[in-house]
Each structure stands twice: as C-alpha cells, then as structure tokens.
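I opened the model to look up its pockets and one of its helices. My notes follow.

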Amino acid sequence: MVEVSDNEIMSTDIASSPAWGRLTGLARPRHLRELFSGDPDRGRRYVLEMADLRVDFAKQTVDDDILAALIGVADEAGVAQRRDAMFAGEHINVTEDRPVLHVALRTPQGASITVDGQDVVPAVHDVLRRMGDFADRVRDGSWTGATGQRIHTVVNIGIGGSDLGPAMAYQALEAYRHPDLTAHFVSNVDGANIAGVLAGLDPAQTMFVISSKTFTTIETLTNARTARAWLTDALGEGSVPKHFVAVSTNVDEVAEFGIDTANMFEFWEWVGGRYSVESAIGLTLMISIGPERFTEFLAGSHAVDEHFRTAPLPKNVPVVLGMIGVWNANVLGFDTKAVLPYAQELARFPAYLQQLDMESNGKSVRLDGSPVSMATGPIVWGEPGTNGQHAFYQLLHQGTRVVPADFIGFANPHHAYREHHDLLVANLIAQTEALAFGKDRPGEPHRSFAGNRPSTTILAPRLTPSVLGQLIALYEHIVFVQGCIWGIDSFDQWGVELGKELANRITPELTGEPHDAVEHDSSTTALIDWYRSNTRRD
C-alpha cells in the first residue's frame, strides 16, 4: 500500500492524483454485450464470496484494467490506512473529534478494541448481557406490567437511526419473531403516527422503549410524553416504571421522565445513530427475536468486518463494490443508485440504506474544510421486487437516465409457496439480464432497449439474522470506502441541525404571539400567518 499520513489524507484531493488520471483515461464507451462477448468466463470471474453472500458484479461496465485502476485509486487515497485507523479506535470523525466504532458492537467477547486507552469491548458485552436478561424476562412473561399482566406489545419510540434500523430489522426477521409479542415503531412527530399505533392497544400489556441518546430529541420526547399520558390516564402515574424503558445516556432526564434508571440501556458517543441498530438501539429487535438470534445477527456483521479488515483490496468485497460505485458516480456521471431487494421482508431496507448512505456521504466539504471537487453521495432509493417492476422499471430500462442497481435475493424463502419464490427469483435474474443486454428491434424504436444498464447481484441461501447482519455491514463499509475516496467525514451530520434550530424558533410563532424581534423572509412569514389564520384549536 502507498504510505499516506493522516494530514495527507485530509489535504490531498484524489482528483489531482496520478491514479485518478489513469482511471479517467479508461473511460471509453464499451457496451456490456461487448464485454461479455470478449470474455466468455466473465460471469464466473467477476464474482466474489464473503461469508454467506455471493456478489456478482459481472454486469457492471468494468474490465480488468478498470478494476485495477480503481484499486489503485483506493490505494492512493489511503483506504486501507483509514480502515485500520477506524478499527484501532482512532478519532476519524474529525469534526466531532470521536472514534467511529460500530464494529465494536459486534466484536466477540475476549477481543479488544482500545479507545483513548480503554478497552471498550467489555462494556459492550455488559450492555448486551443486560439487554439479554431483560429481553428474556419480557419473552418468558416474568416481566409483567403494573396490573400483573405480561407484555404482548412493544412500542419503539425513536427517530432516524433509532427507528429505521430496528424497524427495518424487525420486518426483515419476521420469521424469527416471538409468536406472542408484537412490535410497533413510532418516529414521526405527526400525531397521526402515534395515534394509529396506540389505537386498539391495551395499556396493561404494552411496553414502550424510548430511544434517544440525549433524551432531549424533540420528536422522540414529544411522542414519549404522549405515550406516557396515554398510559397514566389508564393505569396511573405509578405504572410508568413497569411500562417504560430507555435507551439513552442521560440518566437525569430518564429519571425525570419517571423511568427506573436500572432499566436504562446505554450506548456510546462513538456509535452514530445510523450505525446503531446493533447497540442497545436494537433492544426492541432483541426482545422480538431473542438474545440468541441477536447474537447471530452480530456475528454476521462481524464476519464481514473481518473480511473488510483483512482481505486484499482486489478481493475485498466492500472495497470492490465501493470503488465500482465511484466509477459509476464520478467517472460515468450516474447520480442515483437503486437498491432492489427481491424479498418482501426487506421492504424497509432501501429506506435504511438511504439514511446510511445519504446522511453519511451527503457532504460538500472535505475533511480539511475545503470544497469537494466531485459528486459525493449518490441518491439512494428502491422498492422490493416485483412491485418496482410495475412502477419505475420503465425508466430503468428505457429512460434517459442510467441508474445503477443492486439486486438482492435468496435461494430459499421462509414461506411454503415455492412456486411464488421461483417466479420471484426468475424475475430478479431476468431483470439483470434485460438491463445489461437490452434488445434491438429494427424498425420498432418504442420496443427497443439499449441495455448497458449496470447492476450488481447479491445472493444468499436464506435471509437469516446472520445474513441481515452481513448485508448491513457490507453497505456500511461501502459507504466508508467511498467517503475515503471523496475525502469527507462520513460520520457527522451537521446538515440536519439548521432545520431543527429553525423549527424550534418557529413553533412558538405558530401557537402564540410572534415575537417582535423575530424576522423571516416574506415567504416564511406568509406561511406562518396562513397557518395561524387557518388553525382551529377548539
């Protein structure tokens, strides 16, 4: 590997490097038809395996020279060095001066990761043990509510990573859920969200998990206070400790709310929200699938971590896929990416990846504060197949925009309808073939397909807790690799702060007399005035 210091990583724009020049020099138009006809073994050579995942990138518009040049860019950008710094607990989140250690959440007991001189792995496993003990008590009925009845419904209240991760994983692992427990997820401050969840629930059999690191997140606390009022109206103030638990680090605010701090599960500053599903943020998931399955979930992610940490760059799946993403976005100019899981259980996976990728790499300045010189952070979107085929695939096949796509599928379903599953997988494979090769129909332009639409296919034997962990870690590390290339901080999210600040300023103006000193632009002022004049509070 090329030796690159931390200062060089922060100050050197990869676009000015010789490696980038070699890569862009290979940007000649070649159709996938030509690439396959010139290399009959391409479909076997351009496949990598990692844990349970089979990753086929043969239908990406790359060849051996391009792949070698991409790895050269990764090498020159110091991807391996920065990866090693992350695993070593260095403060690679430079704007917040923090380590980035979601990998520690799935590190096995007995291993060691040191942060500022302290091994964090024992603390991780202490929280996992406490979570497991609590989850077992809820699952076996030994934890009861204020009336002595067992809990049958868990309502997770959070937002962002405190909602998207556990909600996605809960749906994905439906086959592994406890048969007598149901979970709901509330995130939107829109009252319709919590009203719809609470409707029909029995307070005596309902538990709330309030997930907020600071326990001050306004959307989460607004929903939590509504849930508290709903519970206490039915069961009284003394019921709160038996029906509310917290995932937080703010002991004082948790206690003030009325939650027994013995039922507060912590996580750490070095865990970003969108990387936190495998921390205590996953408590609702652990209650649903059980501690043993949750351990399998963590083990799957750890297997990918070890591959990412040790595999040579040319055979390293997150590195190869991350660099292909750079090729698509920065050399070929494709500004979006579709994630298309052919599994109904993964319906929320594209939304989860949307936050992971777009909040991480949606940045316009580099680590040193200088402007970026190329596009960062693709627009990530998607829907499960085959629904998407009857919605937006028309654009994928014949539109003027080229959208690289990841197809995700499984050999075996959790249901008994094998005919359905065979048809589902046939559609997955057919779509990748149609996008790659198209079809010429001379004299029929409306029925012709240009093809050359790139895709990657990721397959696994079955969607298990381990495989879900593998998929999560794979995409986390892809995002990491691309952030290294662009020279940005993938682990802060200052862009979400300004809107929050302004919302806190505007809220009292909607409900009371506007303050004389408050000034807005004419459009914002008119919107506030319209809302005030049209709001009924009777």
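**Pockets and a helix**

I began with the second largest pocket and found that helix α18 (residues 418-437) gives the most to its lining, with three residues. Helices here are DSSP runs of H or I with at least four residues, numbered from the N terminus. The model is predicted, so local features need pLDDT of at least 70 and side-chain atom pairs pLDDT 80 or more, while totals for chains, interfaces and linings use all residues. Residues are numbered from 1 along each chain as its sequence is written, and side-chain values use heavy atoms, without hydrogens and water.

I noted what a pocket is: on a 1 Å grid over the protein atoms alone, an open set of points where a 1.4 Å probe fits, with protein on both sides within 12 Å along at least five of seven lines; lining residues have an atom within 4 Å of a point.

The second largest pocket has a volume of about 300 Å³, the space filled by probe spheres set on the points, which are joined across faces, edges and corners. Its lining has 18 residues, and those nearest its centre are Ala343, Gln344, His415, His421 and Leu424.

I then turned to the largest pocket, which holds about 1,300 Å³ of space. Ile159, Thr217, Val496, Glu497 and Lys500 are the closest to its centre among 46 lining residues. Here α20 gives the most to the lining, with five residues.

Last, I checked helix α21 (residues 522-534), which has 13 residues. At its start, a side-chain oxygen of Asp521 comes to within 2.9 Å of the backbone nitrogen of Ser523.

Notes. Helices (H or I, at least four residues) and strands (E, at least two) are DSSP runs, numbered from the N terminus. The expected span of a helix is 1.5 Å times one less than its number of residues. A polar contact is a pair of N or O atoms within 3.5 Å; within protein, one must be able to donate a hydrogen and the other to accept it, and residues adjacent in sequence count only if both atoms are side-chain atoms.
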